[in-house]
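Please read the following report with the sequence and the structure beside you, and look up each residue as it is named.

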Amino acid sequence: AASDVYKRQAQSLSVSSRSAANRGRSGLYKSAIALLVVEFFLIFPPMIILGGAINWPASLDEPAAVNLPLILEQYPAVMVGYSIYLLYSLLFWPVAYLTGRVVVGNEVENGIFRIASGFAALSAIARALGIVRWLFAMPVLARLYTDPATSPELQASISVVYDMLNAYAGGIGELLGVSLFAAIWLALMGVLLLRSPEWPSWLGYFGFVAAASLFVNLLNMINIDTGPMVVISVTLLHFWMLAMAIVFWRKRA
C-alpha cells in the first residue's frame with residue numbers, strides 16, 4: 001500500500017513538473033510572438049513621421065546646409081520620430097534573444113545561440129549609438145548653424161562637425177549595427193533553424209537571404225553605392241520576423 005502511495009505521489013509530481021514546464025514554454029512563445037509583431041510594426045511610425053518631416057531616410061545624404069535648418073524647423077517631429085526609432089533599435093536585442101530561445105528550446109547552452117545573442121546585443125547598442133546623435137548633438141548644431149550671429153566661417157566649421165558625426169555615428173549604427181552585427185545574428189539563426197528538425201527549413205534559407213542582403217550594404221564602406229538595397233534588406237529582415245511570429249503561433253497552437 002505504501003508503495004502504491006509513493007508511486008501515485010511520484011506520478012503527481014511528474015505531471016505537475018511537466019505542466020509547469022509547458023506553461024513556461026507557452027509563456028516564452030507568447031512573449032516571442034508579441035515582441036516579433038511589435039518590432040515588425042514599430043519600424044513604420046518613424047518612417048512615416050521622419051519621412052514626412054525631413055524626407056528620411058533620403059535626407060541622410062543631404063549636407064548640413066539642408067538638414068540642419070530642417071531639423072530645427074521640424075524639431076518636435078524629429079524628436080518623436082527618432083525616439084521611437086531608438087526604442088525600436090533597443091528592442092531588437094530582447095526580440096532576437098527570445099526568438100533564439102524558442103528555436104533552441106531547452107538547449108540554452110547552445111554555443112551558436114549564445115554567440116548569436118551576443119551579436120544581437122552588439123547590434124542594438126550600435127544602432128542606439130547611431131541614433132542618439134539626432135536627439136542630442138544635431139539639434140545643438142542646428143541652433144548654432146541657423147543663429148543669425150553665426151559667421152560663414154563658423155557655419156563651415158559646423159558643417160565639418162556635422163559630416164564627421166554622420167560618418168562616425170552613421171558608420172557605427174547603419175554599417176556595424178544593421179549591416180554587420182544584425183546580419184551575423186540572422187545568419188546564425190538560419191544555421192540553428194536548419195539544424196533543428198522542429199522548424200521548417202525554408203525559414204533558415206529565408207534568414208540566409210535576408211542576412212546576405214544586409215551584408216551587401218557593407219559595400220558602402222568602400223564607396224560603392226548599393227542603391228535601394230538598404231530598404232530591401234530591412235524589408236526582408238522584417239518579413240522574416242513576421243514569418244517567425246506566424247510559425248511560432250502555429251506551433252504553439
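In this predicted model, Tyr82 touches Leu50, Ile54, Trp56, Leu60, Ile131, Trp134 and Leu135, when residues up to four places away in sequence are not counted. Tyr82 is also listed, together with Leu68, Trp185 and Phe248, among the residues with the most contacts inside the largest nonpolar core, which has 64 residues. Several helices give two or more residues to this core, including helix 1, helix 3 and helix 5, and the largest share, 14 residues, comes from helix 4.

Helix 4 also meets helix 2, for the axes of the two helices come within 8 Å and cross at roughly 155 degrees. Because angles over 145 degrees count as roughly antiparallel, helix 2 and helix 4 are described as roughly antiparallel to each other, and their crossing is left-handed. The residues that make this contact are set out by helix in the table below.

| Helix | Residues in the contact |
|---|---|
| Helix 2 | Pro45, Pro46, Ile49, Leu50, Ala53 and Ile54 |
| Helix 4 | Ala77, Val78, Val80, Gly81, Tyr82, Ile84 and Tyr85 |

Is Ser179 buried or exposed? Ser179 has a relative accessible area of 3%, and since a value under 20% counts as buried, Ser179 is buried. Not counting residues up to four places away in sequence, Ser179 touches Glu174, Leu214, Phe215, Asn217 and Leu218.

Technical notes
Residues numbered from 1 in each chain as written. Predicted model: local features only at pLDDT ≥ 70, side-chain atom pairs only at ≥ 80, totals over all residues. Heavy atoms only, no water. Axes fitted to C-alpha atoms, helices over the stretch in contact; angles between N-to-C directions. Helix = DSSP H or I, 4+ residues; strand = E, 2+ residues; numbered from the N terminus. Parallel < 35°, antiparallel > 145°, perpendicular 65-115°, else oblique. Left-handed = near helix turned anticlockwise from the far one by under 90°. Contact = heavy atoms within 4.5 Å. Core = buried A, V, L, I, M, F, W, Y, C linked by side-chain atoms within 4.5 Å. Buried < 20%, exposed > 50% of the residue type's maximum accessible area, 1.4 Å probe, protein only.
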